[in-house]
Amino acid sequence: MAAHSAGAMDVRNVIGSLLAIYGVILTAMGLFGDKSLDKTGDINANLIAGIALLVVGGIFLAWARLKPIVIPDDYVPDPDARPHGH
């Protein structure tokens, strides 16, 4: 019985990619943008949030790659439907 993975349709890839994109933007703003340290209690909030988003996004992407969702080729989503050729 052959099987394939969900690939790009795996929701973990979508979530991980979005988190990583926002993480890159916030990290860049934390490094190169207005830090506004007086508004955040001397903490670079964009940098910290960006790094955290990069870490969590990386975890989601690694999780999807290391433990992919495997879909058997003979899977039929409708219980009343019959596989092709039967």
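Apart from neighbours within four places in sequence, Asp10 is in contact with Ala64 and Ile69. The model is a predicted one, and Asp10 occupies the loop that runs between β1 (3–5) and α1. The side chain of Asp10 also takes part in a polar contact of 2.6 Å with the side chain of Arg12. Asp10 counts as buried because its relative accessible area is 4%, and buried means under 20%.

Ile21 is classed as partly exposed because its relative accessible area of 47% falls between the cut-offs of 20% and 50%. Together with Val14, Leu18, Tyr22, Ile25 and Met29, Ile21 forms a nonpolar patch on the surface, and the accessible area of these residues together is about 580 Å².

The two residues are set side by side below.

Turning to the whole protein, the secondary structure consists of 2 helices and 2 strands, arranged in the order β-α-α-β from the N terminus. The protein has 86 residues, of which 16% count as buried. Its accessible surface amounts to about 6600 Å², with 69% belonging to carbon and sulfur atoms. Among contacts in the protein with a separation of 6 or more, 74% are between residues 24 or more positions apart.

Technical notes. Residues numbered from 1 in each chain as written. Predicted model: local features only at pLDDT ≥ 70, side-chain atom pairs only at ≥ 80, totals over all residues. Heavy atoms only, no water. Patch = residues over 30% accessible without salt bridge, like charges linked within 9 Å, V, L, I, M, F, W, Y side chains within 5 Å. Areas by Shrake-Rupley, 256 points an atom, 1.4 Å probe, with all protein chains shown as cover. Salt bridge = Lys/Arg side-chain N within 4 Å of Asp/Glu carboxyl O. Buried < 20%, exposed > 50% of the residue type's maximum accessible area, 1.4 Å probe, protein only. Helix = DSSP H or I, 4+ residues; strand = E, 2+ residues; numbered from the N terminus. Contact = heavy atoms within 4.5 Å. Polar contact = N/O pair within 3.5 Å; in protein donor to acceptor, adjacent residues only side chain to side chain.
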